[in-house]
Amino acid sequence: MVGYFVIASAGNFYQDFDITWGDGRAKILNNGDLLTLSLDKASGSGFQSKNEYLFGKIDMQLKLVPGNSAGTVTAYYLSSKGATWDEIDFEFLGNLSGDPYILHTNVFSQGKGNREQQFYLWFDPTADFHTYSILWNPQRIVFSVDGTPIREFKNMESKGVPFPKNQAMRIHSSLWNADDWATRGGLVKTDWSQAPFTASYRNFNANACTMSSGTSSCGSNSASSGNAWLSEELDSTSQERLNWVQKNYMIYNYCTDAKRFPQGLPTECNTA
């Protein structure tokens, strides 16, 4: 039973999201059960949540652009507004047919990111829908794919590392052309003869604290209201699965990129 104070929505795209750009290229279909974004040479498209969230466990199923998706990026992320924004990112970097997608993750706090980790997936993300989840609570951020955690970013404010915890964020998604950098650093360009490129979304679900006029739906005694996700952490099984993904599928980790940080690796890298 979800706690009394939590807004849990099993998504209907009409109720939960606004299409924000794309001039008709984004479509809500099947009575609100399905949303598609498309990209052609003239424009991409995007949507955002009607609600703003401050902590939550958010799931979305995505099916990515099939075939030759080189140059395209499908971004799915949480973000606040302003110059010192917070952001929690999934970005899917397209590739030539037969080459794996790259799943790019990042965490921004107070306008500063540079915390990229990149992964290959252990399945073809274009063949079917898969669930991409963000757990965001006051102690940690966990990125998961089909229930398997791939990355954990812990709250290390005690060591001087900023952590997103004061700014409400909306869910955003967009499909756009980034062939100046997305595929092999921009070497492979978008093949517009393959357009339109389409990504699909379904089964949005949020167990989350929504913010309205500065007030959280979770109230101040949220921990007592059965919101287990607010204090959720990785158990030993989840930790093993995280280690498995990082050992076998991680292809870039800012915490091991000494060339990029000649003054020394970021603080959180040394305390992991």
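C209 and C218 are both buried, where buried stands for under 20% relative accessible area, exposed for over 50%, and partly exposed for what lies in between, with a 1.4 Å probe and protein chains only. The model is a predicted one, in which local features need pLDDT of at least 70 and side-chain atom pairs count only at pLDDT 80 or more, while totals for chains, interfaces and linings use all residues. Residues are numbered from 1 along each chain as its sequence is written, and side-chain values use heavy atoms, with hydrogens and water left out.

These two cysteines, C209 and C218, are joined by a disulfide with an S to S distance of 1.9 Å, the term being applied to a pair of cysteine sulfur atoms within 2.5 Å. The link of C209 and C218 is left-handed, with -95 degrees about the S-S bond.

A search of the whole structure finds two disulfides, and the other joins C255 to C269, with 1.9 Å from S to S. Because the torsion about the S-S bond of C255 and C269 is about -75 degrees, this disulfide is left-handed. C255 lies in the loop between strand 17 (250-253) and helix 3 (267-270), and C269 in helix 3, so the pair ties together parts that are 14 residues apart in sequence; helices (H or I, at least four residues) and strands (E, at least two) are DSSP runs numbered from the N terminus. C255 is buried because its relative accessible area is 18%, and C269 counts as buried at 14% relative accessibility.

When the bonded cysteines of the protein are numbered in sequence order, the pairing reads 1-2, 3-4.
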